[in-house]
Amino acid sequence: MNSNTEKNNDATTCEYTENLNILRQVDFFSALPLEAAKVLAYLCHRIHFKAGDFLFKQDDEDEQAYYIISGSARLFKIIADREQVVRDYEEGEFLGRLALMGAMRRLFSLRARTDMTCLTISREKFTKALERFPDVMPKLVKVIVENVYGWEKRFMAYRAVDCSDCFKELGVSLV
Amino acid sequence: MKTEPLPVHKRTLWSWVLTTRPKLQFLLIFIILITVFTRVVPLEMQKRVVNEAIYLRKVDLLLIYCGIYLVAVISQGALKLLINYIQAMIAQRALSAMRQELYHHILTLPLDFFRKTQPGLVVSALTTELPVAGNFVGMAISVPVTNVLTLLAFAVYLFWLNPLLAAVSLSIYPMVMIILPLLQRRANQLNTRRVDATRAMAGKIGEAVTGIHEIHGNGAYRIENTKFDGMVNKLEKIRLIWTLYTQAIKTINNFFTNLSPFLVFLLGGYLAMKGQLELGAMIAFLSAQEKLYTPWKELIEMYQVYQDAFVQYNRTMEYFDREPDYALEPIDRQPYAVRGDIAVQNLSFVTEEGIHLLDDISLSIGQGQNLALVGFSGSGKSTLAQCIGQLYRYTGGHVLLDGKEVAELSKKDMTRNVGFVSQSPFIFSGTIRENLLYGCLANADAGQGGKTDRMPSLDDIIAVLQQTGIFVDVLRFGLNTVLTNDHDQELAARVLRTRESFQRSFGAELAEYVEFFDENRYLYFSSVVENLTFGTAKRDEFNSVNLPQNTYFLRFLEESRLARPLLNLGIRLAEQMVDILGNMPPDELLFEQSPIAPEELNDFRKVVERSKKAKLGQPEEADRTKLLELALRFTPGIHKTVALPKTLEALILEGRTLFRKKISADDPHAVTFFQISQYIYSQTILNNIFFGKMKIFNPSAQEKINQSIVHLLIEEDFLETIIEIGMQFEVGNKGDRLSGGQRQKLSIARALLKKPPVLILDEATSALDNNSQTRIQNLLENQWKGKSTLISVVHRLDIIKNFDQVAVMKSGKIGESGTYDELIARKGLLYELEYGKK
């Protein structure tokens with residue numbers, strides 16, 4: 001909205017504007033009013049990882065969320081000293097919503113498969129920024145609820161039928 | 001003379017009068033006697049001038065008497081000044097002594113006193129309540145003595161003139177002395193309430209300031225304002241009525257003293273008519289009586305000051321009238337040096353309200369063993385640790401340290417032998433080093449003479465820094481230090497040598513993380529001004545803060561066609577930052593990536609508003625300077641809200657060459673340019689080693705760089721020096737320039753440096769990341785095992801597996817204890833804590 005008198009012939013858009021566009025497309029942030037989204041877009045960091053770098057490791061207290069701008073990463077869990085692959089995350093995916101809401105240790109490790117660029121935001125900055133927007137929290141909680149509920153619903157649809165052990169552990173949406 | 005002096009909170013106000021600088025007080029009385037004499041002399045001279053000089057028409061006598069009169073008046077003034085000065089000396093001495101002794105006393109009071117006391121209250125007691133008492137001590141002797149003597153002198157003079165008239169007119173004063181105390185009593189009651197209300201208000205302010213995060217977090221401005229406004233209004237009312245009473249006392253006093261001339265007129269007039277009193281004598285009488293007024297007024301004022309001081313002083317001392325729970329130092333013996341056997345027998349702790357926080361607890365820990373206290377929150381595990389550490393006075397049972405009852409040990413016995421690290425450790429403003437040595441200094445201080453031999457060596461300190469993991473932080477503080485030009489020549493030379501070996505061994509490897517100072521490239525992690533000048537100012541006017549006002553530099557910007565684009569850049573930056581952060585709290589963390597500091601945001605908001613209105617986009621001179629200053633700070637690698645236009649980038653690069661040419665010709669000694677062979681005084685040590693700046697990257701890259709740097713510094717035998725520099729880092733008010741984890745590591749290091757036989761950790765590692773926590777756990781399990789007895793209150797269960805003993809607490813009792821494996825196998829409380837209820 002800046003109408004500067006001098007013509008700006010440069011095509012360079014700044015990182016902040018790009019970040020803002022990305023955030024507007026992520027479910028977790030699209031609910032936010034523009035003012036709040038702007039602050040978060042400004043507070044984001046772009047981090048580059050080389051193939052093989054860890055984004056986070058199991059048991060780490062990693063207090064941030066990641067949006068993958070480019071590249072892909074593999075999620076795995078170490079069970080009995082062996083890596084058990086869970087799934088891959090690709091360009092355009094966002095993960096770590098819960099880490100923004102409260103402290104927890106990572107139960108998985110995430111490692112870059114290719115060179116990657118991620119947009120990250122830490123819980124500390126996220127919380128500080130949203131202090132000024134108290135009516136945002138309910139919306140975020142709603143997104144989290146939808147995510148958890150949707151997960152369990154899908155899980156029941158695909159897995160609970162053929163895995164009787166899993167069936168006994170159902171009920172995340174009832175926590 | 002060697003009787004035990006009364007503790008400060010038991011002393012009366014008068015005791016200060018008697019003990020504060022007694023010699024000076026005597027001198028004061030002596031001076032007062034002379035002063036009273038000089039007050040009577042003029043009266044006598046007055047009489048003699050009339051009776052002798054004028055009557056006998058002797059000019060020489062007139063001159064002599066007038067001369068004596070003048071000398072008396074001058075010396076009266078001079079002596080008055082001297083009296084006031086001595087009074088002030090006594091008052092200030094008394095005030096300082098009161099403050100010091102009370103402060104010393106307050107620091108020794110038990111912790112539960114401070115739980116109930118607002119810091120603001122202590123502050124107002126020491127700062128605003130005591131000065132009144134101090135002032136009183138200054139005047140306590142001089143004012144009454146001066147005025148009573150003066151009064152007596154004049155009264156005698158009056159009786160000598162006419163006994164009957166004197167008796168009648170003086171009869172007023174006893175009446176005043178009956179009525180005034182009645183009023184004063186009421187005023188004192190109000191004054192007591194005023195002191196209390198003022199305190200409550202001070203306490204409230206203190207609370208709001210300490211809890212400001214909570215207030216901001218909840219937007220609770222209205223709630224807090226209502227509370228505070230109510231207190232202020234109440235205070236207003238009390239003060240108003242109190243003032244009314246004190247003024248009434250003055251008025252009534254005035255009224256009665258004015259009555260006395262009335263009596264003289266009435267009775268004296270009657271006697272004069274009857275021919276029993278000469279008219280001249282009556283006039284003399286009146287003028288003498290007039291002189292009674294001033295000393296009397298001063299006495300009454302003194303009386304009021306006394307009452308005020310009395311009330312405030314007593315209120316203060318009553319409040320702090322508590323004894324410390326423990327003796328500070330052992331009497332007639334050296335502090336114990338214990339082995340570290342701890343036995344707790346039937347321990348209980350009941351609060352004043354009758355709540356059982358600890359109930360019948362027994363356990364024992366042998367020397368060098370370790371015990372973990374776990375349990376749900378509120379189960380009393382911290383309270384138990386604090387009772388063992390003598391921070392709380394237990395109400396029943398025993399805590400025995402090497403068989404000695406902890407409640408009967410002195411503070412010194414405890415601090416010598418026990419290291420206590422609390423949940424939220426307090427860090428004092430000062431350097432890291434001062435904070436590290438805090439415990440050691442406290443121990444060394446009182447043990448006279450033994451100051452140096454108890455202090456840890458640099459090697460000891462570095463070892464502890466490494467053990468607790470704060471080493472890396474201190475190293476970074478050291479590396480981020482900017483050396484000053486004048487005294488670090490030798491250091492600078494060593495940094496240069498380190499730079500060489502960095503280039504040799506790591507230059508290629510770390511090239512992608514560092515942006516080197518390359519003369520031919522734009523530096524995205526350096527500011528615009530650094531890109532332009534590519535050097536360090538040797539004279540003040542070329543310092544980057546002064547450049548926006550430096551006319552030479554401004555002319556250069558015009559010539560190189562940079563002025564206009566930079567101004568536009570400044571406007572864009574200001575607009576963006578005001579737009580994004582305009583409504584955010586002034587929090588350092590939120591402003592980390594902003595070229596505008598929190599305290600400047602408001603100014604820039606106004607600049608933006610004005611520049612929008614300005615025609616043709618030409619802001620006023622002052623605003624232009626500010627915007628240019630902002631543009632010059634712009635560092636595209638950090639400030640991402642505005643992109644650096646390619647054209648401007650090229651212009652700045654061109655400008656770099658132009659500037660160098662121009663300044664080398666015009667003023668060759670103004671700036672030194674970045675050169676690989678020279679130390680750069682405007683940059684940090686780290687940037688100097690790199691000859692460049694670090695780019696922002698991910699944590700694993702950070703790790704890599706740390707390792708290389710440490711490696712390099714060890715190779716160059718430079719590590720200790722940097723650590724020493726890092727330890728000079730100022731931690732800020734309450735350590736707020738450190739992170740929570742750094743504060744905890746620092747406080748653990750502080751306790752370990754004392755090498756205590758007993759170490760108590762009260763959730764001391766809760767704010768640490770995994771690695772640091774594991775490091776400290778290993779340290780305690782390996783190096784300290786067997787040397788120190790360890791009691792650790794633990795919140796996270798993953799660190800207790802190797803403890804000799806685990807005690808699980810539940811509602812003030814020990815539910816079960818044993819080793820981790822035993823307890824888990826039993827499937828009791830610990831199992832429940834670890835895996836949840838089954």
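This is a predicted model: local features need pLDDT of at least 70, side-chain atom pairs count only at pLDDT 80 or more; totals for chains, interfaces and linings use all residues.
I began with strand S11 of chain B and its link to strand S12 (residues 789–793) of chain B: 5 bridges join the two, and they run parallel.

Residues are numbered from 1 along each chain as its sequence is written, and chains are lettered from A and ligands numbered from 1 in the order in which they are written.

I then looked up strand S6 (residues 418–421) of chain B, which is joined to S11(B) by 4 bridges and runs parallel to S11(B). Here B:Gly419 stands opposite B:Leu759 in S11(B).

Is S11(B) buried or exposed? I found that 5 of the 5 residues of this strand (residues 758–762) are buried, so the strand is largely enclosed by the rest of the structure. I count a residue as buried if 20 or more other C-beta atoms, placed from the backbone, lie within 10 Å of its own, as exposed if 12 or fewer do, and as partly exposed in between. Both faces are covered, with B:Val758, B:Ile760 and B:Asp762 buried on one side and B:Leu759 and B:Leu761 buried on the other.

I also followed the chain from S11(B) through helix H30 (residues 770–782) of chain B to S12(B), and these make a right-handed β-α-β unit; right-handed says that, with the strands pointing away from the viewer, the path from the first strand over the helix to the second runs clockwise.

In chain A, 4 strands form an open antiparallel sheet in the order S2-S7-S4-S5. Strand S2 (54–56) and strand S5 (82–89) each have a single partner strand and stand at the edges, so one side of each is left without a neighbour in the sheet.

Last, I checked strand S4 (residues 73–79) of chain A, which 4 bridges join to the antiparallel strand S7 (residues 109–112) of chain A; A:Arg74 stands opposite A:Arg111 in S7(A).

Definitions and conventions. Two strands pair if DSSP finds at least two bridges between them.
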